[in-house]
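I opened the notebook to write down what I looked up, one topic at a time. The entries follow the order in which I went through the model.

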Amino acid sequence: MEGFLREIQIIDLPDLASRLWNADETGFSLAVASKRVLARRGSRDVHETGGGTGRECVTVLGCGSADGIRLAPYILYKGVNIYRLWTVDGLAGTLYSVSKSGWMESNNFLKWFQSCSSTGPVVIFVDGHQSHTLGKMLRFS
């Protein structure tokens with residue numbers, strides 16, 4: 001790692017921690033598919049109150065720097081259009097988008113990446129998810 005940071009000429013900068021970032025996303029299920037229902041022992045006519053396939057989700061991408069700065073989240077819904085209601089009372093600066101599945105796709109990650117601004121070089125650590133490896137993003141950087 002030290003060799004890489006030296007190669008891109010940021011290791012000796014006094015503000016190195018502000019130039020090292022980590023980004024990761026996670027999906028939150030909106031419809032839990034469960035075969036178990038909790039009820040008081042001996043209860044009659046217990047019904048399931050959830051449903052769905054368990055596959056619909058909202059994805060949230062968070063990003064923070066080594067010096068403790070956090071970017072506003074990137075929230076990704078399943079759909080074709082963003083509905084205003086989905087963004088009401090959201091955290092200031094939050095970026096909203098949609099994908100066909102609700103999961104992160106390459107074009108969504110590129111949109112987020114392009115929304116990030118920086119003065120000078122930075123390193124963003126991401127996991128190996130296929131949405132993070134996009135030729136357009138590498139050219140943009």
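I began with the pairing of strand 1 and strand 2, which run antiparallel and are joined by nine bridges; two strands count as paired if DSSP finds at least two bridges between them. For one position I noted the partner by name: Glu25 has Leu61 of strand 2 as its bridge partner. Strand 2 also runs antiparallel to strand 3, and three bridges join these two. There I found Val60 standing opposite Ile75 of strand 3.

Before going further I wrote down the ground rules. This is a predicted model, in which local features need pLDDT of at least 70 and side-chain atom pairs count only at pLDDT 80 or more, while totals for chains, interfaces and linings use all residues. Residues are numbered from 1 along each chain as its sequence is written, and side-chain values use heavy atoms, with hydrogens and water left out.

Next I looked up the overall layout, and I recorded three helices and five strands in the protein chain, where helices (H or I, at least four residues) and strands (E, at least two) are DSSP runs numbered from the N terminus. Along the sequence they follow the pattern α-β-β-β-β-α-β-α. Of the contacts in the chain with a separation of 6 or more, 54% are accounted for by residues 24 or more positions apart, a contact being heavy atoms within 4.5 Å.

I then turned to burial, taking buried as under 20% relative accessible area, exposed as over 50% and partly exposed as in between (1.4 Å probe, protein chains only). Of the 141 residues in the protein chain, 27% are buried. Strand 2 is mostly covered, since seven of its nine residues are buried. For the chain's accessible surface I noted about 10200 Å², of which 53% belongs to carbon and sulfur atoms; such areas come from the Shrake-Rupley method with a 1.4 Å probe, and for residues only the protein chains shown count as cover.

Which residues make up the largest nonpolar core? I listed 10 residues in all: Trp21, Ala23, Leu61, Cys63, Tyr74, Leu76, Met104, Phe109, Trp112 and Phe113. Strand 1 (20-29), strand 2, strand 3 and helix 2 (106-115) each supply at least two residues of this core, and helix 2 gives the most, with three. The rule for such a core is a set of buried Ala, Val, Leu, Ile, Met, Phe, Trp, Tyr and Cys residues joined through side-chain atoms within 4.5 Å.

Cys63 is buried, at 8% relative accessible area, whereas Cys116 is partly exposed at 25%.

For charged pairs I counted three salt bridges, each a side-chain nitrogen of Lys or Arg within 4 Å of a carboxyl oxygen of Asp or Glu. Glu2 and Arg6 meet at 2.9 Å, N to O, and because they are four residues apart in helix 1 (residues 2-7), about one helical turn separates them. Arg6 also meets Asp12, at 3.6 Å; Arg6 is partly exposed at 43% and Asp12 is exposed at 65%. The remaining entry is Arg19 with Asp15, at 3.1 Å, where Arg19 is buried at 12% and Asp15 is partly exposed at 32%. Through shared partners, salt bridges join Glu2, Arg6 and Asp12 into one network.

Asp89, in the loop between strand 3 and strand 4 (95-99), has a phi near 65°, a positive value in a residue other than glycine, and it is exposed at 77% relative accessibility. Most residues other than glycine have a negative phi. Gly68 lies in the loop between strand 2 (57-65) and strand 3 (74-78) and is partly exposed at 46%.
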